[in-house]
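Here are some exercises to work through with the model open beside you. Try each one before you read its solution.

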Amino acid sequence: MSEKRLMLGNEAIARGLYEAGVKVASAYPGTPSTEISENLVQYKDSLYCEWAPNEKVAAEVAFGASIAGVRSFACMKMVGYNVAADPVYSAAYAGVGRGMVLCVADDPGLYSSQNEQDTRMVSRAAQIPVLEPSDSQEAKDMTKLAYEISEKYDKPVVIRTTTRLAHSQGVVELCPREEVPDKEYEKNIAKNVMLPANAIRRHVIVEEQMERLSEDACSFSINRVEMRDAKIGVITSGIPYTYVREALPDASVLKLGMVHPLPRKLIEEFASKVDRLIVFEELMPVIEEQVRSWGIKCEGKDLFTKLGEYSANMLREKVLGEKIEAVPASDIPARPPILCPGCPHRSTFWVLKKLKLHVAGDIGCYTLGAVAPLQVIESCLCMGSSISSLHGIGKAKGEEYLKDWVCVIGDSTFMHTGVNSLMNMVYNQSTGTVIILDNRITGMTGHQDNPATGKTLMGDVVTAIDFEKFCHGLGIENVFTVNAYDQAALTEVVKREVKADHLSVIVAKAPCALIPEAKTTKKCVPVPENCIHCGACTKPGCPALSKNEDGSISIDPTQCNGCTLCMQLCRFNAIREVM
Amino acid sequence: MKTRNIMIVGVGGQGTLIASRILGYIATAAGYDVKLSEVHGMAQRGGSVVTFVRYGDKVEEPIVEPGQADVLIAFERLEAKRYAHYLKPDGVLICNDTRIDPMPVRIGTAKYPENILEDIAKDHTVYKADATEIALGLGNARCFNVVILGMAARHMDYSVEDWYAAIEHTVKPKTIELNKKAFDAGYQLTGE
């Protein structure tokens, strides 16, 4: 009997890549897709995998590897798919050498994202086939199938997951790796060079491919009709399928493993066999709108929301008319995520708050600088946007106005797309102040390396990109590296540089409090006899500090890492540092 | 067997993932179909986190829904209150009797509710203990999660040996002995 193991959806996809004989994989970390690469690296004796600086790069690496003749892969969260959209739309025209597969992870319910976009919409626009598994076993199986489809139809294929699938564990049966022989590289300018004259011919082929795939999909075993009671028929896919099985065990189901292109004939046939047809899909009505466009009557978003995650209870309420009695208590304070105790970002933000500066923010743990009690970050769109937004603010309101502004961007986010924006500031003569929050790691996604950390996904030690040298190379003269925990030094340099009539970059540097580099036995402890109960130390909201009933403070020794921010804020020597 | 629904709730960073993985391992080793659902990402930075573990002959959905939990394991009182409505009428709450103030309470925009466990005890069976204190006594505050798991184990159908095996396969090798001690300490608590 083969081995069975409990695996995360993401872990199962990594296993599927290994078993499918994939040789090159590239990715930028993004919740909920990150663990795919983190698990893939265990197979590094059989394949190459890397962290790329961004998703566009990752998709292009996968394309190159594919036309060079090996099975290739890139993965990303759904907003990363936008970054990768440029190569992806054209790769749909060029097609593949050996199979090329992308995994794109959606986040219904916004557990860790800035929007709730639907990967199926983007993929439809890009003419890319999409597979959607319902559990870990299917995640592994469909990953392997995706390569067969990619090679048979000469298309990159997307595996769409959601947070619930990516971060759920299920039992998976392991198989051995199947080595796939490399395909000889073929010089094929008409196919691989997207000049207008070539692309116009490729577009004809793209349309033919999608039509053929749509017809063939009617007999794919992953598009499965489960006929039971014909009173209710549900068309569904992915995790929502499991809710249907839970809440409506007697209903007939058309379970779609391929959600683009849709198997039209199979859907028409299923619709004709059931009395009431319901489309049950999270986020956008992608399947529903197509079904309706074919003149088939169905229910969908008239019953279910476009927002957040679905559940079995939702079906019990909306389809069966049951009332769910269990409701949450009403008086529960929220518990939003916060910056960790001893986080270097808190120290930097405190300086910016004290100086009453406006702050354009970016994507990372430090976006939490928008949350009380700090509330310093005033804008945040997407990766890299802080620097370009600041530039736009300056161009709109002038150099004097910009003296009340800075932008903040993490080290990994700066490498991702911040660099382009900084080039723009140099080129178009901005006088803004850019603060790189350099915590030596990609933090929010769970500590991945990046081009500035000096280590690769496969563990190789490499040259770390040096921010000072990098900025000097762009022609920026005023670049300053400061210890992020040093309130006095940081205050001085920020105060000076925001008022200056030139572009400057400040690197606020200190390792993330959670990584080994930051490990310390240092602690801060209260000195109660000096404390006047003013509360200044608690204002930045460090979770290790708490106010006692009498106004004195306690510092939790299990949480404190001796960052000394509280000590620097105390004017009465009522906090001291111990080793 | 009918599917059993277990939930572990707490504050991001408290170690809910390790506890759920121990549970997942023990149910898989017993030959059940198992699904586990975890929270990664932003909420792990001190936010409210929930993990679902379901096991039985055939498990469909990976989450536990309101009104369905057989056992709710809470690492903190406020989180017990937040998820108490997930319990079945005959469901059991196992709670670490400790308080961690969320930011709105710390900055004075919200009040930490009083009498949380007393209120839940009106509708459900509640077992509680200050597991953090017990873990500190064992020399490492962080292993309180396994102390609580030990308490919960009294309400599940596995032997102590099964639990030991699950711990051995799940935690870091260096911490196996500590975690077994933590489990024993929790298993001996009645929590009433």
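Helices (H or I, at least four residues) and strands (E, at least two) are DSSP runs, numbered from the N terminus. This is a predicted model: local features need pLDDT of at least 70, side-chain atom pairs count only at pLDDT 80 or more, and totals for chains, interfaces and linings use all residues. Residues are numbered from 1 along each chain as its sequence is written, while chains are lettered from A and ligands numbered from 1 in the order in which they are written.

**Exercise 1. Find where Asn573(A) sits, and say whether it is buried or exposed.**

Start with the place: Asn573(A) belongs to the loop between α21 (565-569) and β23 (575-578) of chain A. Next, look at the backbone: its phi is near 50 degrees, a positive value in a residue other than glycine. Most residues other than glycine have a negative phi, and most peptide bonds are trans. Now the surroundings. A residue is buried if 20 or more other C-beta atoms lie within 10 Å of its own, exposed if 12 or fewer, and partly exposed in between, with C-beta atoms placed from the backbone. Asn573(A) has 11 other C-beta atoms within 10 Å, so it's exposed.

**Exercise 2. Work out how β8(A) meets chain B.**

First, the contact as a whole (two residues are in contact if their C-beta atoms, placed from the backbone, lie within 7 Å). Chain A gives 43 residues and chain B gives 44 residues. On chain A's side, β8 (168-173), α11 (238-247) and α14 (312-318) each supply at least two residues.

Then zoom in on the strands; two of them pair if DSSP finds at least two bridges between them. β8(A) and strand β2 (residues 33-37) of chain B run antiparallel and are joined by three bridges. To check by eye, find Gly170(A), which stands opposite Lys35(B) in β2(B).
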